[in-house]
Amino acid sequence: MSEGKASFWQRHWFTVAAAVLALLVVGVFGYQYWQKSQIPVVKQMNDFTLDNIDGSTFTLSETNGKVRLVEFIFTHCPDICPATTFNMAKMQEQLKAKGLFGDKVAFVTITFDPERDTPEVLKAYADKFGADQSGWYFLRGDQATVEKVTKDFGIAVLKQPDGSFAHTARMFLVDKDGNMRRMYGMASDMDMDNMLKDIEQLAD
């Protein structure tokens with residue numbers, strides 16, 4: 001190496017190293033931003049308030065800052081609803097192992113059968129699946145309020161003569177800012193590996 005080149009590096013090595021480090025940092029954060037941008041915003045969700053089974057009220061905006069996985073159920077459902085909640089319980093444990101559940105991720109279960117799904121019934125349902133209620137909210141409200149929430153999420157619900165419900169089999173991923181980002185199938189249509197990947201990506 002010539003004396004001139006050696007002198008240049010001696011004088012400017014710190015500046016060059018700092019510039020390279022800055023480019024690396026920008027690249028990392030740019031890649032993370034690019035990843036998140038690959039999950040499109042479906043819509044901005046309207047805020048809502050419902051009753052939690054612990055006697056408190058739950059407002060969607062109060063949980064901003066966390067990624068939320070939202071399901072709609074009725075506890076007398078014979079198949080899709082309990083299968084979905086069972087799968088969520090398994091995802092809960094996986095997210096706990098990663099230190100995300102409760103702190104960065106919350107689960108939200110909303111009944112559209114408040115007449116039969118009393119707080120006691122919902123609590124028994126939550127306990128049956130081992131739901132950790134520090135990060136998993138089981139919600140109910142008057143019929144009019146619940147109908148408003150289901151419609152905002154795009155859920156169609158039709159009560160049957162036998163008291164059961166026909167409903168849209170969809171669940172939803174809401175980001176930290178209250179934007180719906182994904183819609184998923186329920187029960188056997190849940191791709192839990194991809195769902196967890198989406199959740200972890202938005203929770204970063």
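**Group meeting: a mixed sheet and its helices**

Let me start with the sheet. Eight strands form an open sheet in the order S1-S10-S9-S4-S5-S6-S2-S3, with mixed pairing. The edge strands are S1 (43-44) and S3 (57-59), and each pairs on one side only. Pairing here takes at least two DSSP bridges between two strands. Strands are DSSP runs of E with at least two residues, helices are runs of H or I with at least four, and both are numbered from the N terminus.

A word on the source. This is a predicted model, where local features need pLDDT of at least 70, side-chain atom pairs count only at pLDDT 80 or more, and totals for chains, interfaces and linings use all residues. Residues are numbered from 1 along each chain as its sequence is written, and side-chain values use heavy atoms, leaving out hydrogens and water.

S4 (residues 67-73) and S5 (residues 105-111) run parallel, joined by seven bridges. Valine 67 stands opposite valine 105 in S5. S5 also runs parallel to S6, over four bridges. There, threonine 109 has phenylalanine 138 of S6 as its bridge partner. Between S5 and S6 the chain passes through helix H3 (residues 119-128), and this β-α-β crossover is right-handed. That means that, with the strands pointing away from the viewer, the path from the first strand over the helix to the second runs clockwise.

How many residues of strand S6 are buried? Five of the five, so S6 (residues 136-140) is largely enclosed by the rest of the structure. Buried means under 20% relative accessible area, exposed over 50%, partly exposed in between, with a 1.4 Å probe and protein chains only. In a regular strand the side chains alternate between the two faces of the sheet. In S6, Trp136, Phe138 and Arg140 point one way, Tyr137 and Leu139 the other. S2 (residues 49-52) pairs with S6 in the antiparallel sense, over two bridges. Aspartate 51 has arginine 140 of S6 as its bridge partner.

Next, S9 (residues 171-174). Met171 and Leu173 point one way, Phe172 and Val174 the other, and all are buried. S9 runs antiparallel to S4 over three bridges. Arginine 68 is bridged to valine 174 in S9. S9 also runs antiparallel to S10 (residues 179-184), over four bridges. The S9 and S10 hairpin has four residues between the strands, and its glycine 178 takes a positive phi near 85°.

On to helices. H3 lies across S4, S5 and S6, at about 150° to S6. H5 lies across S4, S5, S9 and S10, at about 140° to S4. Contact is heavy atoms within 4.5 Å. Axes are lines fitted to C-alpha atoms, for helices over the stretch in contact, with angles from 0 to 180 degrees between N-to-C directions. The buried residues of H5 include Met192, Met195, Leu196 and Ile199. After H2 (residues 80-97) comes glycine 99, with a positive phi near 75°.

Last, aromatics. The whole structure holds 14 aromatic pairs. Phenylalanine 101 and phenylalanine 107 have ring centres 5.2 Å apart and planes at 80°, so they are edge-to-face. Rings of Phe, Tyr and Trp (its six-membered ring) pair with centres within 6.5 Å; planes under 30 degrees apart are stacked, over 60 edge-to-face, the rest tilted. Phenylalanine 101 is buried at 10% relative accessibility, phenylalanine 107 at 0%. Elsewhere, ring pairs link Phe48, Phe58, Phe72, Tyr137, Phe153 and Phe172 into a cluster.

Technical notes:
The expected span of a helix is 1.5 Å times one less than its number of residues.
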